[in-house]
Amino acid sequence: MSIHLGLFYTAKFHRFHTATFKKLYAVAKQSNVRIVSVIRRDYPGGVSYTAEEQAALRRLASTPRSPDTEVEMAAFMRKHAHDVYHFLVDFIEQAQIPPAQDSRGGIILAGWSMGAASVTALLAH
């Protein structure tokens, strides 16, 4: 995963990127809070899915729901959760984030729009 102080998201009618969160960054700085936005896989600036992962996602998206597709999607999301977990562990170690105590230290994990799938996967697995 790539660390990027911004977020890029394209929707049908809107395009959201770092400028969308400009006010949030200013408030965070005043509050001594660091915001780290992680670019989702296959987004500009992020790590691409492998050809096998892309094929699996296309197949899952175009195949009717079944017990087999449920198992395959769960495995895909479990791997994604594993990636998010290891990113967080590495980031906490490298940035030397102290454990939460009172109103200092620790992390808050949030996912916006499709990024919520990453948080949900992490919590589920």
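Predicted model: local features only at pLDDT ≥ 70, side-chain atom pairs only at ≥ 80, totals over all residues.
Residues are numbered from 1 along each chain as its sequence is written, and side-chain values use heavy atoms, with hydrogens and water left out.

**Overall layout**

- You'll find four helices and four strands in the chain; these are DSSP runs numbered from the N terminus, with helices being H or I of at least four residues and strands being E of at least two.
- Their order along the sequence is β-β-β-α-β-α-α-α.
- Of the 125 residues in the chain, 22% are buried (buried is under 20% relative accessible area, exposed over 50%, partly exposed in between, with a 1.4 Å probe and protein chains only).
- Among contacts (heavy atoms within 4.5 Å) with a separation of 6 or more, 53% link residues 24 or more positions apart.

**The largest pocket**

- The largest pocket holds about 1600 Å³ of space.
- Its 48 lining residues include Ile35, Val36, Ile108, Leu109 and Ala110, the closest to its centre.
- Here, a pocket is an open set of points on a 1 Å grid over the protein atoms alone, where a 1.4 Å probe fits and protein lies on both sides within 12 Å along at least five of seven lines; lining residues have an atom within 4 Å of a point.
- Points are joined across faces, edges and corners, and the volume is the space filled by probe spheres set on them.
- Helix 1 (22–30), strand 4 (37–39), helix 3 (67–94) and helix 4 (116–124) each supply at least two lining residues, and helix 3 gives the most, with nine.
- By type, the lining splits into 33 nonpolar, eleven polar and four charged residues (Ala, Val, Leu, Ile, Met, Phe, Trp, Tyr, Cys and Pro count as nonpolar, Asp, Glu, Lys and Arg as charged, and the others, Gly among them, as polar).

**The largest nonpolar core**

- Six residues make up this core: Val84, Phe87, Leu88, Phe91, Ile97 and Leu122.
- Helix 3 has the largest share of this core, four residues.
- A nonpolar core is a set of buried Ala, Val, Leu, Ile, Met, Phe, Trp, Tyr and Cys residues joined through side-chain atoms within 4.5 Å.
- Ile97 touches Arg34, Phe91, Ile92, Gly106 and Ile107, leaving aside neighbours within four places in sequence.

- Gln96 sits in the loop between helix 3 and helix 4.
- Its phi is near 55°, a positive value in a residue other than glycine.
- Most residues other than glycine have a negative phi.
- Gln96 counts as exposed, at 67% relative accessibility.
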